[in-house]
Amino acid sequence: MHCNNPKLYPSATGQQAGQPRYGHLIGNRWVDSAGAPLPVLAPATGESFAWLASGGSAEIDAAVGAARAALDGEWGLVTATERGRLMQKFALLVLASEERLAWVEAHDTGKPISQARADIRAVARYFEFYGGAADKIHGEVIPYLNGYNVSVVREPLGVTAHITPWNYPAQMFGRTVAPALAMGNAAVLKPAEEACLICMELGALAVEAGFPAGALNIVTGLGEQAGAALTRHPGINFVSFTGSPEVGRLVQESAAIHHVPVVLELGGKSPQVVFADADLEAAASMVCKAITQNAGQTCSAGSRVLVERSVFDTFMTLLAARFAAVRIGTPDEDVDLGPLINRTQQEKVLTFIKNAGHDGLPLVAQSAVPAALKNGFFVPPSVFGPVPANNALVCQEVFGPVLAVQVFDDEDEAVTLANGTEFGLVAGVWTRDGARQQRMARRIVSGQVFINCYGAGGGVELPFGGTKRSGHGREKGLMALDEVSTTKTVVNCYL
Ligand code: NAD
């Protein structure tokens, strides 16, 4: 069965009655799977409100085939300028539907509606940015021997596979798909089963914008079925994966079977280092925001704060006041903190909080979840500190609104603590000392360093990615275009 609408049909009876059921996008048609669909739960209430087709190797095979056919056909002939125009048109369609799309994203992920609106604007921005770049990626001419003309041309990789997580489904769509399409690849996206309705809504807008059949394909389903089938498929030429380090390793192993290049973005344990000379008020506000935004489910969340001992008590007072003011609520209430994505994540984060208590970690601040929200997947934002460097709260990614505070006496110790985890994604440094700003930026091992500010979210132009267990490769910025393309050196002897 196939149709022209991502919502295949609302079922008339049973559990699915009246709820939209989303299909896969393959070759610009929406298709169903034979197997039972997956329920989509609203994190704020715990109730199902939509259904997803559950794909596997058959759907992945069809999607990769459609992508290859697109490259060999109409999509492969679209000029760079026209690709850019299609992307700009798509961005305008996204902006024109901002409110509707934000509602879908907010209810699917649980995030406050204004955060969802920002995510939708970010999708448009990714397509504007990479659409604008599409016809500005030029090759090189290399001086060589007399009688030779040597050019280096940049080409798409082919069929690109994209596996994305549930924390920012909309933004991830823009971040990973836009550069691939800008370079002329044909994409197959396998978004996370926990939250991905927005991907199908965006897919429908891509069809409306005029992308030829097969340029963008979306297959929904479980990671170990649809995701694993995609990464081991012999027809793909690249994999972009964002998610957990454990699955990242599986993806890389699977892609290695066919020697397919991989970009991995695997999360972090990002520190913000607060020196005594910093603007402590500004630092406290940003430290609170950087762990409560998206309920802490952000790979670049500032999940550790390192505080110079001489201002420790002052900073803890400021921080406690910020956390006490955090308002918890549903997407429509549009306050500061929404629920986590599902029961599993809620229980995982609550276990971290319980274990912190068992370990005797001092509780600096914690807000109560209102009783009216008891059916949703909410957890209380919590700050613990000082936390020893070997404690789980310092070493492991919690992926919730839980902040670990560490204390240091001098710059060397701050660097040691900042670099003291297996991760290296983002870091923040708060100091007014210009020389120290430069030293810290050089010594901290991570993909991004923010000085007297924090947050990679909106910066589409800023290259982003990890070191160590946070992954490898770069997304965002013009560098992302290098990852989804390759070069060919053409040596022409004209003697
Ligand atoms: P995950 O790594 O299991 O899932 C991420 C994506 O990979 C999803 O689309 C999933 O369907 C897919 N996937 C799962 N197994 C796969 C397989 N064998 N082959 C191919 N694809 C597969 O992440 P999760 O279960 O959603 O979350 C677990 C933890 O990962 C979280 O607690 C958090 O710490 C971390 N996480 C990190 C990020 C990030 O942005 N870095 C995002 C989400 C989750």
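A backbone N or O atom of glycine 267 lies 3.1 Å from a nitrogen atom of the ligand. This pair is a polar contact, defined as two N or O atoms within 3.5 Å; within protein, one must be able to donate a hydrogen and the other to accept it, and residues adjacent in sequence count only if both atoms are side-chain atoms. The model is predicted: local features need pLDDT of at least 70, side-chain atom pairs count only at pLDDT 80 or more, and totals for chains, interfaces and linings use all residues. Residues are numbered from 1 along each chain as its sequence is written, and side-chain values use heavy atoms, with hydrogens and water left out.

For tryptophan 166, a polar side-chain atom lies 2.3 Å from an oxygen atom of the ligand. Taken alone, the ligand exposes 810 Å², and the protein buries 88% of that (Shrake-Rupley method, 1.4 Å probe; for residues, only the protein chains shown count as cover).

The ligand sits in the largest pocket. A pocket is an open set of points on a 1 Å grid over the protein atoms alone, where a 1.4 Å probe fits, with protein on both sides within 12 Å along at least five of seven lines. Sitting there requires more than half of the molecule's atoms within 2 Å of the grid points.

The ligand is surrounded by 29 residues (a heavy atom within 4 Å). The closest are Trp166, Lys190, Glu193, Ser244 and Lys348. The shell divides into 13 nonpolar, 9 polar and 7 charged residues (Ala, Val, Leu, Ile, Met, Phe, Trp, Tyr, Cys and Pro are nonpolar; Asp, Glu, Lys and Arg are charged; the others, Gly among them, are polar). Helix α8 gives the largest share, 4 residues (helices are DSSP runs of H or I, at least four residues; strands are E, at least two; both are numbered from the N terminus). Domain 1 (2-266 + 474-488) and domain 2 (271-459) both contribute to the shell, so the ligand lies between them (bounds from an automatic or database domain assignment).

Technical notes. 1 Å grid on protein atoms, 1.4 Å probe; cavity = no way out; pocket = protein on both sides within 12 Å on 5 of 7 lines; lining within 4 Å.
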